[in-house]
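Colleague: Please take one part of this model, the strands and the side chains around them, and go through it closely. Give the cut-offs for each term as you use it.

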Amino acid sequence: MRALLALRKNRGQAQRGWQRMAVLLACSGTVSLYVWGMLHVLGAVSQAEDGGTASAPLGPCREAGDQIASQVVGYDVGYGWLRFDCQLSDGGAYTTSTVPGYVNPATALLGVIAFVLAAVPAARTNRRTPVPASERHDS
């Protein structure tokens, strides 16, 4: 009986180990993808702030074509959902493809996976209050 309990305990520890590893991988992936996207955003900001020859219109805003790019008066950066927006003289704006399209959805998905994997053990924890010995009905 003790051997069975020890085997069960070892299996539970191994499962928790794999679960911790999965949480760590998901968290690492989330952070890595976010940093990758931030590097793209910061590169675009650096290029936009770079003065000198060929600095107008802003480098990252040129992808929309010369006609629209000539109306660019500034830019805005999003750090939650990573993005680089070009502000137009008429009050409008458009988002450039500076940040690769997979970065934001993959970061969000990995973040949710990490959260769920971390929350599952807490939900499974058996938090029953012990039954006092006087109320037990052992057979």
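Modeller: Helices (H or I, at least four residues) and strands (E, at least two) are DSSP runs, numbered from the N terminus. The model is predicted, so local features need pLDDT of at least 70 and side-chain atom pairs count only at pLDDT 80 or more, while totals for chains, interfaces and linings use all residues. Residues are numbered from 1 along each chain as its sequence is written, and side-chain values use heavy atoms, with hydrogens and water left out.

The chain has three helices and three strands, and from the N terminus on its elements run α-α-β-β-β-α. The strands form an open sheet in the order β1-β2-β3, with antiparallel pairing (two strands pair if DSSP finds at least two bridges between them). At its edges are β1 (72-78) and β3 (93-95), each of which pairs on one side only. On average, neighbouring strands of the sheet are turned by 25° against each other, direction ignored; the axes are lines fitted to C-alpha atoms, for helices over the stretch in contact, and angles run from 0 to 180 degrees between N-to-C directions.

Take the two pairings in turn. β1 and β2 pair in the antiparallel sense over six bridges, and a hairpin of four residues joins β1 to β2. In this pairing Val72 stands opposite Leu88 in β2. Strand β2 (residues 83-88) also pairs with β3, again in the antiparallel sense, over three bridges. There Asp85 stands opposite Thr95 in β3.

Asp85 also takes part in the charged contacts. A salt bridge is a side-chain nitrogen of Lys or Arg within 4 Å of a carboxyl oxygen of Asp or Glu, and the count by this rule is two. One joins the side chains of Asp85 and Arg83 at 2.7 Å, N to O; another joins those of Asp76 and Arg83 at 3.7 Å, N to O. Asp85 is buried because its value is 8%. Arg83 at 29% counts as partly exposed, and so does Asp76 at 34%.

Over the whole chain of 139 residues, buried residues make up 26%.

Helix α1 also holds Ala26, which is buried because its relative accessible area is 5%. The C-alpha atoms of Ala26 and Ala114 are separated by 5.1 Å, although the two are 88 residues apart along the chain. At 41% relative accessibility, Trp36 is partly exposed.

Notes
Buried means under 20% relative accessible area, exposed over 50%, partly exposed in between (1.4 Å probe, protein chains only).
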